[in-house]
Amino acid sequence: MTPRVRRFAVPLLTASLLALATACGGGGGGSTGSGTSAQPGEKIKLTIGLFGDFGFKPLYEEYKKTHPNIEIVENVTQFNDHHNNLVKRLATNAGAGDVEAVEVGYISTFTAQPGKFVDLKQYGLDKRQGEYLDWKWQQGLSKDGQQVLGLGTDVGGLAMCYRKDLFEKAGLPSARDEVAALWPTWEKYIETGKKFAAAGVPGAKFVDAPGEIFRAIVNQAPVGLYDAQDTIIAGTNPDVKKAWDLSNQITLEGLSAKLAAFSPPWNTGFAKGSFATVICPAWMTGFIQEQAKDASGKWDIATVPGGSGNSGGSHLLVPKQSKHPKEAAELVNFLTSKENQAKVFKEEGTFPSIPSLYDDPSIQNFTKPFFGDAPIGKIYSEAARSLKPQHLGPREGDVRVVIGDGLGRVEQGKQTPDQAWAQVLEDLKKIK
């Protein structure tokens, strides 16, 4: 992964680490930081653990202007390493940062351990509740809803990014409104893909791979991989099976470039123009710009089939290991403020989780020349408003890996969709 790839890779916590996390969870009750507040003028260092470039560095410099006694050290590791390391550090009560970022695919694993994190309510951060999308706020609470364990940074409202030039070569409309009209549903999206394939555009497939399509379709359903009682229902939920069938149809119809998301060949595929469409949460816009530097004006953004959905987003939490929990909580409050979420969106593309920003002219009117001056602010504001979040279970990541592996076996020609699904069902039984 490149530094900008964050918040969105499919979680890959191993079963042993997840079991460790559960075993060391800790109970409820008011959590307090293990450290003490700094004395006036005391020089202190706060470490913040991230899984990529969150766009915070300019904010640190701004923060230091009013907090000259605080040094901020950013520790960045790859997505899976970051979350796996945090599980181990919580279990051993050593090595965690003062502030740790957690992606939505992992959040339920960590909020199930309220005894391991500072209750931000004791530092007044519960007053922020009214600013947030309700579901985003709820994701950062302990399971009993009594403790504020994390404040949200961004949400991953969905759109579809596409290559205008490749669409034109295939004889398809390229204006974003006309493109959106091609695919009101995922079935229509596949039909459009067949037309693209029939045109035989050299070196280009219709979509990068089926994995993120599957995730997007499932995320649009009322209920996903778990029910509200934390029971895995991926094998019995018809919406999951529909996503499975449609995703495999993309493979069987020859529409996939077979470039697994976040792999080095996938990164290269952006530069080469190897695929014409890609699932595009807000943060993806910055990633495309980085990987396809010579393709300015060739990319555009349209509504995603099905109209909405979410992929990714993060929270900032303060482990109880912090020696300076008060200062860490204040830093979390600053980094997630309304003003700073707006700044990070404009620089990095990560979309705010504070809905009052969605009507702000500076957000509504925000465009990017790289994407043909697409109204990015308007597109993602509408996507965020229409989000209908799902309940996330404690082993969400493992379930997604099992299904993703199954999709991969079909794509590699190792199994038929029915054979792969049968193995997925068996593998799901092993996740407790």
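This is a predicted model: local features need pLDDT of at least 70, side-chain atom pairs count only at pLDDT 80 or more; totals for chains, interfaces and linings use all residues.
Residues are numbered from 1 along each chain as its sequence is written, and side-chain values use heavy atoms, with hydrogens and water left out.

**Cavities**

- A search of the whole structure turns up four cavities of 30 Å³ or more. A cavity here is a set of points on a 1 Å grid over the protein atoms alone where a 1.4 Å probe fits but cannot get out, and lining residues have an atom within 4 Å of a point. Grid points are joined across faces, edges and corners, and a volume is the space filled by probe spheres set on the points.
- The largest cavity holds about 210 Å³ of space. Its lining has 18 residues, and Val104, Asn219, Asn310, Gln390 and Leu392 lie nearest the centre.
- Helices H4 (104–111), H5 (134–139), H9 (211–219) and H17 (396–411), plus strand S9 (310–317), each give at least two residues to that lining. S9 supplies the largest share, three residues. Helices (H or I, at least four residues) and strands (E, at least two) are DSSP runs, numbered from the N terminus.
- By class, the lining of the largest cavity comes out as six nonpolar, eight polar and four charged residues.
- The second largest cavity holds about 70 Å³. Of its 12 lining residues, Phe56, Thr153, Gln341, Val344 and Thr350 lie nearest the centre.
- Strand S4 (150–157), helix H14 (338–348) and strand S10 (351–352) each give two or more residues to the lining of the second largest cavity, with H14 giving the largest share, three residues.

**Around Thr336**

- Thr336 sits in the loop between helix H13 (325–335) and H14. Thr336 counts as buried because its relative accessibility is 0%; buried means under 20% relative accessible area, exposed over 50%, and partly exposed in between (1.4 Å probe, protein chains only).
- Thr336 and Pro352 are 16 residues apart in sequence, and their C-alpha atoms are 9.0 Å apart in space.

**Rings**

- The whole structure has 28 aromatic pairs. Rings of Phe, Tyr and Trp (its six-membered ring) pair if their centres lie within 6.5 Å; planes under 30 degrees apart count as stacked, over 60 as edge-to-face and the rest as tilted.
- Phe51 and Phe54 make an edge-to-face pair, 5.1 Å centre to centre with 85° between the planes, and both residues are buried.
- Tyr162 and Phe167 make a tilted pair, 5.2 Å centre to centre with 50° between the planes. Tyr162 and Phe167 are both buried too.
- Ring pairs join Phe51, Phe54, Phe56, Tyr60, Phe79, Tyr106, Phe110 and Phe117 into a cluster.

**Helix H3**

- The 14 residues of H3 (residues 79–92) should span 20 Å at 1.5 Å a residue, and the end C-alpha atoms are 20 Å apart, which agrees. The expected span is 1.5 Å times one less than the number of residues.
- Buried residues in H3 are Phe79, Asn80, His82, His83, Asn84, Leu86, Val87 and Leu90.
- Asn93 follows H3 and has a positive phi, near 60°.

Definitions and conventions. On a 1 Å grid over the protein atoms alone, a cavity is a set of points where a 1.4 Å probe fits but cannot get out, and a pocket is an open set with protein on both sides within 12 Å along at least five of seven lines; lining residues have an atom within 4 Å of a point. Ala, Val, Leu, Ile, Met, Phe, Trp, Tyr, Cys and Pro count as nonpolar, Asp, Glu, Lys and Arg as charged, and the others, Gly among them, as polar.
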